[in-house]
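I am opening my notebook on a structure that is new to me, and I will write down what I looked up, one topic at a time.

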Amino acid sequence: NENADIVKRGVLEGGNERNFLLENIIITFDIVGGNVLTKENLEHIKKVEDGFINAGKYNDFCQLISDTLCAKPRSILRFFDSTFAKSDPVFHDPNFENVQKVMYAASINNSTKELLTLMIAKTAEINATVASSWITRSFVPLGYPLKGYSGTLDREDDQKKEVADYVQDYLMPVGDKFYEDGAGDMAVSYGGESVMQNFLIKQVMFDLMLALGSFSFIAIFVRIQTGSFWITGWAMFSILGGFFGTNLIYRVVLDFQYIGVFHVLSIFIILGIGADDVFIFTDTWKETAHFSYKSLAHRLSDVYRRASLAMFFTSLTTGVAFAVSASSPFLAVYAFGIFSCILVIVNYISIIVFFPSVVLTHHLYFDKYKFCCCCPNSAATDDSATTKKKSDKRTHFIVKFFNGPYYRFITHRWIRWVILGFYAALLAVFIYFASQLAVNEEQVCMSSSFTFIHG
């Protein structure tokens with residue numbers, strides 16, 4: 001709204017209560033390979049429409065065509081309830097006794113054929129002897145300004161919030177029921193701006209719960225891998241703290257104001273990447289315990305050089321992979337790519353700047369204890385970094401397997417050629433099926449495309 005260069009569409013201001021259309025709840029009815037234009041199906045469509053317009057406080061949110069009269073849903077039923085009876089008496093058929101005749105009249109009448117085209121499939125067949133369409137839809141209108149608001153621009157977000165709450169509390173339960181039960185032989189779906197908003201909020205909250213589960217799993221796994229609550233706690237802090245630095249760069253430096261659903265998913269990405277970086281640094285630190293160094297500073301320097309280089313290349317490839325998506329013309333895609341790229345970089349910087357002090361502090365003060373200051377760790381080394389640990393002479397069973405039977409199997413003079421031949425044949429099959437992929441060229445089913453979702 002603050003950008004003077006934006007060319008805005010006409011804005012509806014003022015108006016009487018709910019005489020402007022805010023949005024439509026769109027209901028679709030379909031029978032794949034069947035016909036929705038039958039007496040029985042039209043009766044079911046009427047039952048579904050009545051279910052929506054009789055839901056809760058619908059009379060407080062419907063679009064009004066007079067001071068108290070709600071606008072009827074736009075649907076195929078309007079050709080039967082006398083809405084167009086002035087142009088042709090055939091449009092008075094409340095019991096759906098002459099479906100084919102009414103549909104044909106609607107297809108040739110100038111006042112109805114545009115609406116009919118919007119309500120039937122592109123492949124529909126409507127003529128003097130046949131009335132058939134495998135899909136139709138209804139538009140249930142919700143209006144604004146709501147009661148208590150001076151116009152459409154008066155606290156517009158609050159008005160939309162009230163409508164969205166009404167849709168969630170009353171209309172979505174009705175839609176969910178019809179989605180589950182259907183309407184006769186017809187499948188029922190529904191959608192709309194408020195439905196989509198509520199559905200996305202619900203899905204995002206569910207995803208955040210999954211993220212909490214992922215966070216817990218990663219924390220437990222880091223604790224097992226590192227053997228330290230100190231390292232685990234600061235590692236998880238470092239991973240989550242990366243969002244603050246990322247948001248500062250994303251919002252303040254780059255001036256991105258868009259936060260979408262995809263951005264929420266980045267927490268799953270950084271949990272994995274951040275844990276990997278922690279493992280690289282701690283494992284490198286553990287590995288250096290088997291060697292002698294002049295001082296603790298020399299050991300840390302060696303660990304830092306090796307670990308930071310390994311983490312740099314893994315972070316670089318991941319960050320570039322996300323940065324490539326910045327070329328996408330879709331805001332949700334390129335904004336997510338840029339945000340995730342920054343997040344990976346910030347996480348890397350956090351690990352190489354902040355995490356060494358965590359590992360070093362653990363080594364100096366906590367490595368000699370198990371869980372508390374009162375429980376000595378018998379396995380801990382003395383605090384001298386110059387002591388060289390004895391190598392563990394035991395060989396892990398996995399190492400024995402790959403070094404023994406596995407290696408002898410894949411290097412057998414005959415079996416190795418069988419393996420190569422098998423994977424060459426598998427690759428050829430994959431290439432063949434990949435060459436058969438083609439863009440879906442199926443026509444859009446209805447005259448105007450909409451996105452439909454269920455509850």
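**Disulfide.** I began by looking for disulfides in this predicted model, and I found that the structure holds 1 disulfide. I noted that this link joins Cys-62 to Cys-70, with an S to S distance of 1.8 Å, and that it is left-handed, with -60° about the S-S bond. I then looked up the burial of the two partners and found that Cys-62 and Cys-70 are both buried.

**Helix H2.** Next I turned to helix H2, residues 99–108, where I listed Val-99, Val-102, Met-103, Ala-105 and Ala-106 as the buried residues. Viewed down the axis of H2, these buried residues fall within an arc of 160°, so I recorded that they line one face of the helix. On the other side of H2 I found Lys-101 and Ile-108, which are exposed. When I asked what covers the buried residues of H2, the answer included helix H1 (39–53), helix H3 (113–119), strand S2 (125–126) and strand S3 (131–132).

**Thr-232.** Last, I looked up Thr-232, which lies in helix H6, residues 229–253. A polar atom of its side chain lies 2.7 Å from the backbone oxygen of Ser-228. Setting aside neighbours within four places in sequence, I noted that Thr-232 is in contact with Ala-219, Val-222, Arg-223 and Thr-226.

Conventions. Residues are numbered from 1 along each chain as its sequence is written. This is a predicted model: local features need pLDDT of at least 70, side-chain atom pairs count only at pLDDT 80 or more; totals for chains, interfaces and linings use all residues. Side-chain values use heavy atoms; hydrogens and water are left out. Helices (H or I, at least four residues) and strands (E, at least two) are DSSP runs, numbered from the N terminus. A polar contact is a pair of N or O atoms within 3.5 Å; within protein, one must be able to donate a hydrogen and the other to accept it, and residues adjacent in sequence count only if both atoms are side-chain atoms. Contact means heavy atoms within 4.5 Å. A disulfide is a pair of cysteine sulfur atoms within 2.5 Å. Buried means under 20% relative accessible area, exposed over 50%, partly exposed in between (1.4 Å probe, protein chains only). The arc is that of the directions from the helix axis to the C-beta atoms.
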